[in-house]
Amino acid sequence: MSGESKIEWTDSTFNPWIGCTKVSPGCDHCYAEAWDRRFAESGHAMHWGTGKARRRTSESNWRQPVRWNAAHDAFLAEHGRRRRVFCASLADVFDNEVPDHWRWDLFRVIAATPNLDWLLLTKRIGNALKMLNEAAAAVEDDFVGASTWDRSPWANVWIGATVVNQEEADRDIPKLLDTPAAARFISIEPMLGDIRLGSFLQRSPSAAFANGCVTPDMPAWTRIGATAIDWVICGGESGRHARPMHPDWARSLRDECSAAGVPFLFKQWGEWLPWHHFTDARIDDPHERTRFVTREWLDDRWIDVGRPNFWDSKDGDIDDMQCVGRVGKKAAGRQLDGREWNGFPTEAAR
Ligand code: SF4
């Protein structure tokens, strides 16, 4: 469990438990499941799949957020902002198969650490509203009267939904917008198709007001956040079986966010890099030569082009815009059109 995270959009990760069930095409190559499977091969229990018990992490791990919370002043002095904690990189907070009292224990920790911003990213956003309300009811006796709890149980909770294609975006973003949170974000990783966010980026009255989970008498920052997406993250897939992301999908998202004034973070290309991003230095790297294969976008899908003699054909028969090469996540980097995109929600937007 990590004090300092390598994930570009968080400072730390905290896993209250481990295990999950695949629920989306975005789960196809789940690195956490692969990691768990390796342990299972050496005789340990498997924690992935329906009916498989999840594993709660150690008590000492559960004390880690309290230590981060206590170190707030030093973190603020160094970074000029609060610490962001990504909760459950090896699980899903809103997993139906997790005992409710584990989740309530998690919300006790969240409520007891008001100096941390908790980033709860889920592929089960349809469960979030009900489970959040249940957790609030279960733990409120411990926190009522504390100034942060009385302001809102969700004052330090950012809720994110992972969506990987337009179908999931249309199905899940309305549910995200109806969920109470200090900030709402979407993570489009792995990006598996073109996604248009359209009106989800506009700040207009949402169903959240209509169904009563957000009311006009709640603090302004809560109501503002309830009406639009506050942050968009996008990235390509990494790992052995990674699927490529078309550069125009990422560009279109970036441009939509820019037009709507919504922060956009381009996390990574993943394994595959568009042909026109290659440099001679990268291509000449011996390690990358051996793994170099290309795919081309034809009509509506990627097709294998194989392993061309690319250093001869660089100026020849490969279409710059439609071809990706497998160079590995590290070499592919995270620049889109010549620069990094590192947008984050501002305090004013929350
Ligand atoms: S929801 Fe996340 S942790 Fe669970 S299987 Fe899918 S990718 Fe893995």
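Entry 1: I started with D337, which sits in the segment after α14 (329-332); helices (H or I, at least four residues) and strands (E, at least two) are DSSP runs, numbered from the N terminus. I was looking at a predicted model, where local features need pLDDT of at least 70, side-chain atom pairs count only at pLDDT 80 or more, and totals for chains, interfaces and linings use all residues. Residues are numbered from 1 along each chain as its sequence is written.

D337 is not a glycine, yet I read a positive phi of about 55°. Most residues other than glycine have a negative phi. Is D337 buried or exposed? I noted it as exposed because it has 12 C-beta neighbours inside 10 Å. (Buried takes 20 or more other C-beta atoms within 10 Å of the residue's own, exposed 12 or fewer, partly exposed lies in between; C-beta atoms are placed from the backbone.)

Next I checked A88, in the loop between β4 (83-87) and α4. Its phi is also positive, near 85°. A88 has 23 C-beta neighbours inside 10 Å, so I put it down as buried.

**Entry 2: a cis bond.** I found that the peptide bond from E189 to P190 is cis, with omega near 0°. P190 belongs to the loop between β7 (183-188) and α8 (207-210).

**Entry 3: helix α4.** I compared ends with expectation: the twelve residues of α4 (residues 100-111) should span 16 Å at 1.5 Å a residue, and the end C-alpha atoms are 16 Å apart, which agrees. (The expected span is 1.5 Å times one less than the number of residues.) Which residues of α4 are buried? I listed R103, L106, F107, V109, I110 and A111. They pack against α2 (59-70), β5 (116-122), α5 (125-143), α6 (147-151) and β6 (157-162).

**Entry 4: the core.** I looked up the largest nonpolar core and found 76 residues, with W158 and V232 having the most contacts inside it. (Such a core is a set of buried Ala, Val, Leu, Ile, Met, Phe, Trp, Tyr and Cys residues joined through C-beta atoms within 7 Å.) Helix α5 gives the most to this core, six residues. Beyond four places in sequence, the contacts of W158 include D117, W118, A181 and F185; contact is C-beta atoms, placed from the backbone, within 7 Å.

Terms used
Expected span 1.5 Å × (residues − 1). Contact = placed C-beta atoms within 7 Å.
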